[in-house]
There are 2 protein chains.
Amino acid sequence: MPRNKAYLDCLQRQQAQELWRQKLTDSGYFDHLPDETMAVPDALGRVTACSVYARQSAPHYNSAAMDGIAVRAQDTYGAQETTPKRLTLRSPGQSFTPGCCCMVDTGDVMPAGTNAVVMIEDVHIDAGEAEIVAAAAPWQHVRIIGEDIVASELVVPEYQVITPVMIAALLAAGLESVAVLKKPRVAIIPTGDEIVATKDELIPGTILDVNSHMLAAAVSEWGGEALKQSIVKDDGQALRRAVFASLTVSDMVVVNAGTSAGSEDFTASVLGDLGEVLVHGVAIKPGKPVILAVCQGKPVIGLPGYPVSAMLTAELFIRDVLLARQKRPCPEATIVEASLVKQVASPVGVEEFIRVSVGNVQGRMVAAPLGRGAGLISSLAKAQGLISVGPASQGIQAGAAVSVTLLGKSRPENTLLAVGSHDLALELLGIFLRRRLEHTSLSCANVGSMGGVMAIRNNEAHIAGIHLLDEQTGCYNLAFVKKYLPNTGWRLVHMAMRQQGLMVMPGNPKKIAGLADLARPDITFVNRQRGSGTRMLLDYDLVKAGIGPEQIAGYEKEVGTHMAVAATVAAEAADAGLGVQAAALALGLDFIPVASEQYDLLLNFPPDDDREKAIIAILESAEFRNEVESWGGYDLSGAGRTIAVAGETGKNLEME
Amino acid sequence: MPRNKAYLDCLQRQQAQELWRQKLTDSGYFDHLPDETMAVPDALGRVTACSVYARQSAPHYNSAAMDGIAVRAQDTYGAQETTPKRLTLRSPGQSFTPGCCCMVDTGDVMPAGTNAVVMIEDVHIDAGEAEIVAAAAPWQHVRIIGEDIVASELVVPEYQVITPVMIAALLAAGLESVAVLKKPRVAIIPTGDEIVATKDELIPGTILDVNSHMLAAAVSEWGGEALKQSIVKDDGQALRRAVFASLTVSDMVVVNAGTSAGSEDFTASVLGDLGEVLVHGVAIKPGKPVILAVCQGKPVIGLPGYPVSAMLTAELFIRDVLLARQKRPCPEATIVEASLVKQVASPVGVEEFIRVSVGNVQGRMVAAPLGRGAGLISSLAKAQGLISVGPASQGIQAGAAVSVTLLGKSRPENTLLAVGSHDLALELLGIFLRRRLEHTSLSCANVGSMGGVMAIRNNEAHIAGIHLLDEQTGCYNLAFVKKYLPNTGWRLVHMAMRQQGLMVMPGNPKKIAGLADLARPDITFVNRQRGSGTRMLLDYDLVKAGIGPEQIAGYEKEVGTHMAVAATVAAEAADAGLGVQAAALALGLDFIPVASEQYDLLLNFPPDDDREKAIIAILESAEFRNEVESWGGYDLSGAGRTIAVAGETGKNLEME
């Protein structure tokens with residue numbers, strides 16, 4: 001059975017998109033758009049439903065463009081320095097007669113009969129007369145009606161997004177209201193027996209309806225109006241009624257989820273009943289079970305239930321339809337070329353979308369894949385870019401060039417990539433860094449200490465947190481850095497001495513006293529991944545204690561962070577795990593100290609980089625030290641001290 | 001007296017911006033930002049006020065990741081094809097005991113005591129027992145609590161703009177509400193005796209308050225909340241009260257205008273009274289009289305009154321402060337390099353900002369300056385980009401490279417530049433074009449027919465509308481095109497025969513019968529600019545009639561479009577002007593026919609270009625023809641016919 005059998009009957013993504021778009025076009029979905037009339041000042045960001053023409057001219061009267069006197073140009077002809085002309089000055093109430101003049105300020109109405117302004121600087125006023133020494137050209141220094149906008153002229157064409165300056169132009173052209181396209185209404189129907197609407201209803205076995213809110217927000221970002229519907233149970237009749245009712249009040253219906261082929265998945269049959277299912281299943285990962293249908297001439301889409309799948313399919317199949325319905329241009333995707341830091345495998349026949357962190361390391365753009373589970377909401381929130389592995393490919397090698405579509409307003413040049421050992425203080429460093437260097441953000445990928453050293457070697461990260469114990473010397477970090485980074489630029493900076501130990505359930509029900517107890521048959525353990533400093537510490541201490549891995553139940557179960565260890569213990573999925581005290585405290589676990597270890601940062605910046613300086617300054621700051629030490633198990637008294645710098649091997653600033 | 005004396009005492013733009021920003025920083029304006037708590041689903045687009053940590057783990061229970069049976073892994077050890085293990089199947093109600101198993105669906109809670117799932121495909125169910133043929137590893141096919149998010153982990157750092165996926169992450173992490181920065185409130189105070197709030201109050205000498213609405217919309221786009229205040233008369237005490245009251249309810253106050261040094265300009269003295277005026281006058285054009293002040297630790301800014309000045313100074317001095325107050329990144333300006341099509345002069349010592357149209361013509365980006373009057377709202381609405389002429393420069397030569405900052409979401413590659421003779425039908429062509437080719441827009445610069453021919457020659461435009469009468473032959477256009485465009489690619493396409501004539505006031509009060517009457521001493525005329533086809537037609541007919549220009553009062557008054565001619569006559573600023581019948585009809589003027597003339601389009605596209613094809617198809621369409629002919633004075637019976645194509649001079653498809 002081929003690995004990708006599930007995708008054999010599926011359309012490719014582009015085919016599905018074209019079929020869907022064409023069917024909607026044919027059914028007139030993008031024509032005859034309903035409009036509504038709004039007051040001009042309220043229409044910001046809306047789309048004009050038709051071309052708008054000026055109702056009045058701007059300026060709407062002939063006005064003086066300078067402070068001075070308004071004259072009839074003919075009366076000034078012949079005026080020269082040697083033969084000035086004198087004109088009788090009329091007071092504001094008096095009407096103008098040929099041969100006289102009137103004082104005017106900028107913006108004043110030109111008195112009837114006048115057709116030019118002489119600037120006040122060029123006039124000598126004396127005894128009710130104005131003396132001028134140069135002829136005025138007709139209409140000089142006069143703003144004529146319609147100089148800016150002429151009544152009946154086009155002000156804003158149809159299907160334009162209204163901007164602040166268009167609001168000004170519309171108002172100046174005498175328009176008080178404007179016809180704009182109605183926002184398309186998108187009904188969102190959550191379905192599933194396990195879905196609950198509020199946190200209060202959440203019990204084991206139920207899932208909070210997170211997707212509806214995420215999709216509603218996305219619809220709103222795409223210019224639509226989301227109509228969130230009540231949760232529908234796994235019941236074909238109930239779903240049919242909900243979709244039917246939604247069709248009458250909306251321009252698009254989204255059913256989430258029930259789109260697979262399971263016994264409780266009714267979406268496809270309901271949509272087939274109410275209209276035509278164009279596509280059920282697309283050769284994409286995640287998001288395969290998407291359903292594209294047209295009912296009553298309106299798009300109806302079934303999205304898969306996992307959040308990452310739901311968001312991806314919404315981006316692929318809802319966004320463009322919604323924008324086209326509003327005649328809005330699709331925002332141009334920003335694509336950067338980057339080097340992939342980690343190999344990704346992907347089945348043939350499927351287009352796989354993978355979320356990544358992106359940053360510029362030593363002048364080279366790099367992309368680090370995030371966790372790929374369809375259920376990992378955290379990967380959605382952390383991602384800065386998306387890469388796709390085409391259906392013809394089995395995957396992408398580490399180091400290969402990839403095109404990364406940036407998500408939202410991500411700016412890779414502001415992102416610092418921390419790829420190494422996980423530490424809670426590293427996240428805090430990111431927060432402090434952002435306060436010092438505006439808009440800088442830290443993206444942490446937890447690949448363990450050795451992974452961090454390798455990432456620095458390959459210029460794939462700015463920062464690696466490491467705690468690598470040299471079994472020969474019992475010393476930390478420097479030996480590894482010197483061995484693996486002989487020729488590259490780096491700086492090794494001390495961050496913390498931290499307490500590692502065993503996390504156990506509160507009250508320590510299994511009476512675990514230390515590492516030796518892990519060999520007890522009634523104890524299950526959760527391990528850290530190979531290459532992590534914590535794993536190396538464990539293995540070093542097990543050797544010292546003469547315990548073999550095969551004696552420990554759960555030794556083979558690996559997770560990637562201290563918090564994941566703590567969560568596994570808290571979930572009673574293991575009796576003990578090795579990690580930092582802060583993680584135990586965070587989840588209310590008991591903690592049995594095992595060792596104090598040295599956690600350092602390997603920094604990889606060009607010389608004199610502001611970001612490196614900021615990191616060191618933060619590590620040295622009392623504010624940062626106090627906050628980290630308050631968590632328990634941390635000693636930051638030497639934080640920020642440079643241990644060694646690349647190339648200075650002769651005079652290494654080794655720690656005493 | 002140097003031309004730019006007015007700017008001698010002014011700060012340069014950057015100095016002013018830095019001074020302003022520094023003073024606000026020193027006064028703590030960008031720290032201690034007030035926050036408010038919102039329901040997570042409502043917080044889209046808002047900025048987190050602090051780092052948000054998970055309140056609960058996701059998943060929040062250990063769940064089956066596959067359909068199958070839940071087992072205790074230890075009970076399966078030793079199972080093989082040859083020696084299967086049989087486990088007693090418990091029904092859902094019964095609790096698990098070692099040695100038995102339970103059926104589970106994906107997402108189900110793992111029964112207490114179980115720690116692995118065997119996929120249903122790998123199980124043989126028979127007589128209340130499940131037979132398995134391979135050992136299960138502990139925790140296989142189980143999603144463990146916290147696999148996605150661990151309680152107490154960082155979910156969203158401080159000062160992040162909340163996106164749809166962050167909403168999902170926050171909800172999944174057990175957060176129902178989130179602290180976000182309050183939107184900064186910006187009080188906008190319109191001032192001036194001449195300003196009125198509604199169109200109903202508008203009489204000659206008054207100006208509609210357009211700026212407040214434009215500025216309020218801009219504030220809203222920049223994430224703030226605009227508080228529009230009542231109009232304040234030119235009265236220092238009233239203005240003082242208004243600013244003082246606004247300071248108590250807002251985070252920033254904008255006074256518009258009264259910022260010059262005139263007798264009725266109170267803004268500077270009022271702000272000096274209430275706080276400190278840091279800057280009064282910046283060496284920019286337009287926008288010089290801007291006032292930057294700090295009162296009660298809050299920014300207070302006086303903007304000049306002309307709309308273009310007000311908008312530019314808002315962009316330069318309000319936007320970044322408002323974004324910084326919200327910890328939002330400044331949107332990255334998109335800058336394109338372009339070739340300037342027309343020389344611009346600019347005084348030394350002043351940084352001048354000029355709005356431009358931008359398009360890509362035959363692979364080269366070109367920028368065409370728009371009208372530069374500070375009062376030209378139309379130039380604001382039409383502009384796609386902004387260029388600046390530095391203070392050390394006297395201007396920029398035609399053809400020089402300029403850096404154009406694109407405004408809003410402008411996409412130069414979608415813009416067609418029409419640079420030539422003005423015709424109302426050209427605007428309509430733009431509207432029709434946008435319907436055929438989504439998001440394409442037409443930008444018209446009216447530089448006259450000869451200007452259009454030259455623009456095509458220099459590859460500065462895609463389209464030139466021309467009506468050039470050859471005085472020798474009495475024929476239109478082709479001779480000029482052949483003469484001036486010997487070697488370039490172009491296509492000459494017929495658009496319309498149109499009626500030119502004299503526009504006069506309704507009822508023709510001066511009894512004007514034809515061009516000969518223009519020589520009458522009681523008649524004033526408004527002319528079109530040199531190089532325009534209409535001007536050439538006039539001059540040709542005047543020569544025929546034996547009338548010299550000096551005999552015509554107003555011959556020297558030039559305007560740029562048919563509509564401007566009509567507006568000048570309608571404003572009684574001239575008794576007559578030459579132009580197309582449609583313009584006269586639009587403004588309700590009488591029309592005395594003078595000549596029928598041939599108006600053609602000179603197209604400049606690469607071979608087989610879709611846009612060229614679309615233009616010709618539109619010209620040939622009954623829909624377009626009917627609409628234009630309905631205006632009166634147009635005959636489109638030959639519209640769309642190719643008259644000649646460059647390089648085919650031997651077999652020119654000349655009109656019969």
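## Aromatic pairs

Search the whole structure and you find six aromatic pairs over all chains. Take A:Tyr29 and A:Phe30: their ring centres are 5.4 Å apart and their planes meet at 70°, so this pair counts as edge-to-face. The cut-off for that label is an angle over 60 degrees. A:Tyr29 is buried, with a relative accessible area of 4%, and A:Phe30 is buried too, at 8%. Keep in mind that what you're looking at is a predicted model.

Now hop over to chain B. B:Phe432 and B:Phe624 make an edge-to-face pair, with 5.4 Å from centre to centre and 80° between the planes. B:Phe432 belongs to helix α10 (residues 424–436) of chain B and B:Phe624 to helix α17 (residues 622–629) of chain B, so the pair ties together parts that sit 192 residues apart in sequence.

## A helix in chain A

Next up is helix α9 of chain A, residues 424–436. With 1.5 Å a residue, its 13 residues should span 18 Å; the C-alpha atoms at its ends are 19 Å apart, which agrees. At the start of α9(A), a side-chain oxygen of A:Asp423 comes to within 2.7 Å of the backbone nitrogen of A:Ala425.

How many of the 13 residues of α9(A) are buried? Ten are, so the rest of the structure largely encloses this helix. Among the buried ones are A:Leu424, A:Leu428, A:Ile431, A:Phe432 and even A:Arg434. Here's a handy bit of background: an α-helix has 3.6 residues a turn, so residues three or four places apart point the same way.

## A sheet in chain A

Chain A also has an open sheet of six strands, in the order β7-β4-β6-β5-β9-β8, with mixed pairing. Which strands are at the edges? They are β7 (116–119) and β8 (123–126) of chain A, and each pairs on one side only. From one strand to the next, the twist averages 40°.

Strand β4 (residues 68–71) of chain A pairs with β7(A) in the antiparallel sense, over four bridges. A:Ile69, for instance, has A:Val118 in β7(A) as its bridge partner. In general, strands of a sheet pair through backbone hydrogen bonds, either parallel or antiparallel.

Note on methods
Residues are numbered from 1 along each chain as its sequence is written. Chains are lettered from A and ligands numbered from 1 in the order in which they are written. Side-chain values use heavy atoms; hydrogens and water are left out. Helices (H or I, at least four residues) and strands (E, at least two) are DSSP runs, numbered from the N terminus. The expected span of a helix is 1.5 Å times one less than its number of residues. Buried means under 20% relative accessible area, exposed over 50%, partly exposed in between (1.4 Å probe, protein chains only). A polar contact is a pair of N or O atoms within 3.5 Å; within protein, one must be able to donate a hydrogen and the other to accept it, and residues adjacent in sequence count only if both atoms are side-chain atoms. Rings of Phe, Tyr and Trp (its six-membered ring) pair if their centres lie within 6.5 Å; planes under 30 degrees apart count as stacked, over 60 as edge-to-face and the rest as tilted. Two strands pair if DSSP finds at least two bridges between them. Axes are lines fitted to C-alpha atoms, for helices over the stretch in contact, and angles run from 0 to 180 degrees between N-to-C directions.
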